[in-house]
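Here is a friendly walk through a model you can turn on your screen as you read. Keep the viewer open and follow along.

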Amino acid sequence: MSPPTALQDDATPISAPLPPPPPAVQPTGPVESLPSLPSVPSPPAPARVSRRPRNRTALAGRGLGIAALLVLEAGTVLRFGGPHSLWTTVPLWCGFATLAAVVGLLVHVRRTGAGTGRAWRISAAGLVGLAVFWVLVALPVGDTDRGFVLTAALGCLGASLWLTAGRKG
C-alpha cells in the first residue's frame with residue numbers, strides 16, 4: 001500500500017446526504033386571462049385655448065409699416081450733419097409725408113368683411129402720397145444720408161402693402 005498523504009488524511013467523509021434534485025418543470029394549461037394592472041386615475045386634460053393661427057406675413061407687413069413710419073420720422077427730424085432738420089425747412093411737406101405714412105398703415109387695422117379691400121386701396125393712396133413726397137423732397141437730396149433714410153421709409157411702406165395685397169382680414 002502506498003503511504004498516506006496529507007491530503008488524504010485531512011479529508012472528511014460526507015455523512016449527510018445531498019438534497020434531492022428539484023422536481024421537473026410541470027407544464028401548465030392555456031392562460032385564460034391576464035391579471036389587470038391596478039387602476040390609476042388619469043390626470044385631467046388641459047383646457048384647450050382656442051387661438052387663431054399666427055399669420056407671419058401679416059405680422060411682417062405690420063412691422064414693416066411701423067418701421068416705415070419710424071424711419072420717415074427719423075429722416076425728417078434728424079439734422080444729418082446739416083444746420084436744420086427737414087421739419088424746420090419744409091414743415092408742410094413733412095406733415096404731408098407723416099399723414100401719408102399713417103394712412104398707409106390703415107390696412108393693418110383689424111377689419112373684417114367688405115371694408116378690407118377699401119382699406120387696402122386707401123393705404124395704397126397713402127403709399128402714393130409718400131412716393132410724391134419722396135420724388136419732390138427726398139430725391140433732390142437722394143445722395144445724402146437723409147435721402148437714404150427717406151428712401152428706406154418708402155421701401156418699408158411699399159413692402160408692407162405688398163405683403164398684405166389680396167389678404168382677407
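## Contacts and overall make-up

A contact here means heavy atoms within 4.5 Å. Of the contacts in the protein chain with a separation of 6 or more, 70% are between residues 24 or more positions apart. The model is predicted, so local features need a pLDDT of at least 70 and side-chain atom pairs count only at pLDDT 80 or more, while totals for chains, interfaces and linings use all residues. Residues are numbered from 1 along each chain as its sequence is written, and side-chain values use heavy atoms, with hydrogens and water left out.

The protein chain has 6 helices and 0 strands (DSSP runs numbered from the N terminus: H or I of at least four residues for helices, E of at least two for strands). From the N terminus on, the order is α-α-α-α-α-α. Buried residues make up 23% of the 169 residues, where buried means under 20% relative accessible area, exposed over 50% and partly exposed in between, with a 1.4 Å probe and protein chains only.

## Confidence

The predictor's confidence in each residue is its pLDDT, on a scale from 0 to 100. The protein chain averages 84, and 83% of the residues score at least 70. Where pLDDT is low, the predicted coordinates should not be read in detail.

Helix H2 covers residues 56–77, and its 22 residues should span 32 Å at 1.5 Å a residue; the end C-alpha atoms are 31 Å apart, which agrees. The expected span is 1.5 Å times one less than the number of residues. Ala58, Gly61, Gly65, Ala68, Leu72, Gly75 and Thr76 are the buried residues of H2. Seen down the axis, they fall within an arc of 120°, so they line one face of the helix; the arc is that of the directions from the helix axis to the C-beta atoms. Arg56 and Leu70 are exposed on the other side of H2.

Phe80 sits in the loop between H2 and helix H3 (86–89). Its phi is positive, about 55°, although Phe80 is not a glycine. With a relative accessible area of 33%, Phe80 is partly exposed.

The 14 residues of H4 should span 20 Å, and its end C-alpha atoms are 20 Å apart, which agrees. Cys94, Ala97, Thr98, Ala100, Ala101 and Gly104 are buried in H4. Viewed down the axis, these buried residues of H4 fall within an arc of 160°, so they line one face. Leu92 and Leu99 are exposed on the other side of H4.

Which residues of the model form an aromatic pair? Trp93 and Phe96 do, edge-to-face, at 5.6 Å centre to centre and 90° between the planes. (Rings of Phe, Tyr and Trp, taking its six-membered ring, pair if their centres lie within 6.5 Å; planes under 30 degrees apart count as stacked, over 60 as edge-to-face and the rest as tilted.) Trp93 and Phe96 are 3 residues apart in H4, which means about one helical turn separates them. Trp93 is partly exposed at 32% relative accessible area, and Phe96 is partly exposed at 36%.

## The nonpolar core

A nonpolar core is a set of buried Ala, Val, Leu, Ile, Met, Phe, Trp, Tyr and Cys residues joined through side-chain atoms within 4.5 Å. The largest one has 16 residues, and those with the most contacts inside it are Leu72, Leu86, Ala97, Leu130, Phe133 and Leu150. H2, H4, helix H5 (115–138) and helix H6 (145–164) each give two or more residues to this core, with the largest share, 5 residues, coming from H6. Not counting residues up to four places away in sequence, Ala97 touches Leu72, Leu130 and Phe133.
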